[in-house]
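User: Could you take a close look at one part of this model for me, and then tell me what else deserves attention? I would like to know what surrounds it.

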Amino acid sequence: MPTPSSDDAFAEVKAKVDLVKVVQEHVRLTKRNKDFWGLCPFHQEDSPSFKVNPQMQSWYCFGCERSGDVFTFVELIEKTDKRGALQLLAERAGVELKKLSPEQKVRSDSRKRLLAMLKLAAQFYEYVLWSTPAGEPGRKLLASRQVKEETARRFQIGYDPAGRGFADYLRAKKRSLADAQEAGLLRRDGTDFFAERVVIPIRDERGQPLAFTARTVRQDEQRKYINSPETDLYVKGRVIFGLDLARDEIARRGHAVLMEGQFDVITAHGAGIQNAVASSGTALTDDQVRLLKRFTDELLLVFDADRAGRQAAQKAVLLAAGHQMRTRVATVEGAKDPDEFLRAAGDDAAKQWEELATKAPSGFEFGMEEAAAGLNLSNANHVELAARRLREWIAQFPTALQEEYRERAKRWMGVSGHLLAAEPDGRRNSGRPNTPKVGKNGLETPAVGKKMTVGRYLLQLLAVRPVAFDRVRTKITPDELDEEDRGIYVRMLETYERGGVLGLEKELAGYPAEEQDLIRRAWAAPPPNVDEDVAVELAERIKLDRMKGRHSGIIRELSEAERGKDSERVARLEAEARELARAIADMERRG
Ligand SMILES: [Zn+2]
């Protein structure tokens, strides 16, 4: 076989695969005239706007306007890159990508042998667990943790009996004991490494076992869990446990639920939370975040409730922010970890979970709450301490986010701005900060003169959650917004009225550059509370500011009218001012 260069390889693969067949594995297509139509797999829709052209071997979606050839399709659907798409399609087309050097060949062969061995081991353990009397201790352990057989089978959980069960099996099958030893399945003395343990395969995102983690069934065993050693195949910090099972649900829900332990994830899937994954035996790493980023832009972090878990959550928030991923943090109350929480909830688990997830603040907000935990924010000394912690928290985020986060922190705490400046200046002698008051959405007592920012906040929120327009547009009229915010607000509103929640993505390209920039930035790093109630509150705040401005204007006009002795005008302005003052007082009482 010739050795195609990369470009040739693309051409050769493209010539050998049929786009229609590849698409059909994911989308039900119907032929209309020369083209095939189906529901777009890349956006939510009810009527088909996804078209495949067999002549051109190209596809196009009229809904989300994505398009491309077979490589782009595979790239998007498999969440891989161009190289990955080429590899997948080459395998399928039987095209050999490049000749391997003898050393590469040895390495590639040994890799294949080890992978086959790990697969065989997983099958053996699973068989022992469910189909032999020797599996009894394993079945008991799973039952005590309320793991049902159906769930266990999805994770391919198994049991390794005492002694040399697996080693004997390999001998009987005439398979290489050396390979098994290399894969970390046997000890030097020939006994099973995982003997008397429930064995959980750690699989890559395609479902291939790379390693095992194993929990003892013995009461007297000190080491509860042991893991496969790291090998060329298995680097702990590069695998996400459960990703193979969770990837579709992650795509469907738009976010992944990231937990700490394997049993957290297994219990979560059993309770119907099928987008749950775990960092698996390590603090979250850069590589793991990059892997997750291929599948989603948002993580819901659910870590253990103790101090270590909360710290791990904060680290994960920062790590994810470094990769432009959004985070939210859910806290399990009254339980030490998600596993315990879900098991305690029993049949009610799905519902209680939903409540927990809905309440989860953004990662940034979670960190703010941690910074202020245990402090009394009506005590000026505590305010300063909280402000210092907030500054430290904000300073750990990518620079591009910091200014916005400072603004948010100001609003959240109601601290005067300079307390949160990047470099605290020593000239702070303009009196104590106002006694801050933190409201239910952290929106009370805005920093003085920052109403512009409230408008920006609202715009960002609407960019991320356009459906909030339904309520916001009944609360304010565009001319109540600051001039700088008005144009983009009206444009976004019109887009929403034309195209609904998906409109913005479609029409964004036609927006002025700086508006596009604002919207894209909001998508990449949404404001802390993407919530319709908050949107309404912001709109009311803007309206209130506008009314107060109008009120002071009238008062100025009034003195002018009084000087000019224009009694009719005075009376009219007085009435208007009274009415406004009443409306303002009303709004303030409600807010
Ligand atoms: Zn589409």
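Analyst: S12 runs parallel to strand S13 (residues 326-331), and 6 bridges join the two (strands are DSSP E runs of at least two residues and helices H or I runs of at least four, numbered from the N terminus; strands pair if DSSP finds at least two bridges). This is a predicted model, in which local features need pLDDT of at least 70 and side-chain atom pairs pLDDT 80 or more, while totals for chains, interfaces and linings use all residues. Residues are numbered from 1 along each chain as its sequence is written, and side-chain values use heavy atoms, without hydrogens and water.

From S12, the chain forms a right-handed β-α-β unit with helix H13 (residues 307-322) and S13 (clockwise from first strand over the helix to the second, strands pointing away from the viewer).

Cys40 (SG), His43 (ND1), Cys61 (SG) and Cys64 (SG) coordinate the zinc ion at 2.1 to 2.3 Å (donors are N, O and S atoms within 2.8 Å, or 3.2 Å for Na, K and Ca). Along the chain, these donors follow the spacing C-x2-H-x17-C-x2-C. Histidine 43 lies in the loop between strand S2 (35-38) and strand S3 (50-53), and cysteine 61 in strand S4 (residues 58-61), so the pair ties together parts 18 residues apart in sequence. The arrangement is tetrahedral because the 4 donor atoms subtend angles of 103 to 117 degrees (all must lie between 85 and 135 degrees).

Histidine 43 is buried, with a relative accessible area of 16%, and cysteine 61 is buried as well. Leaving out residues up to four places away in sequence, histidine 43 touches Ser49, Cys61, Gly63, Cys64 and Leu502 (heavy atoms within 4.5 Å).

Five strands form an open antiparallel sheet in the order S1-S2-S3-S4-S5. Strand S1 (30-32) and strand S5 (67-68) stand at its edges with a single partner each, so one side of each has no neighbour in the sheet. S1 and S2 pair over 3 bridges in the antiparallel sense, and arginine 32 stands opposite aspartate 35 in S2.

Notes
Four donors count as tetrahedral if all angles lie between 85 and 135 degrees; four count as square planar and six as octahedral if opposite donors are over 155 degrees apart and all others between 65 and 115; anything else is irregular. Buried means under 20% relative accessible area, exposed over 50%, partly exposed in between (1.4 Å probe, protein chains only).
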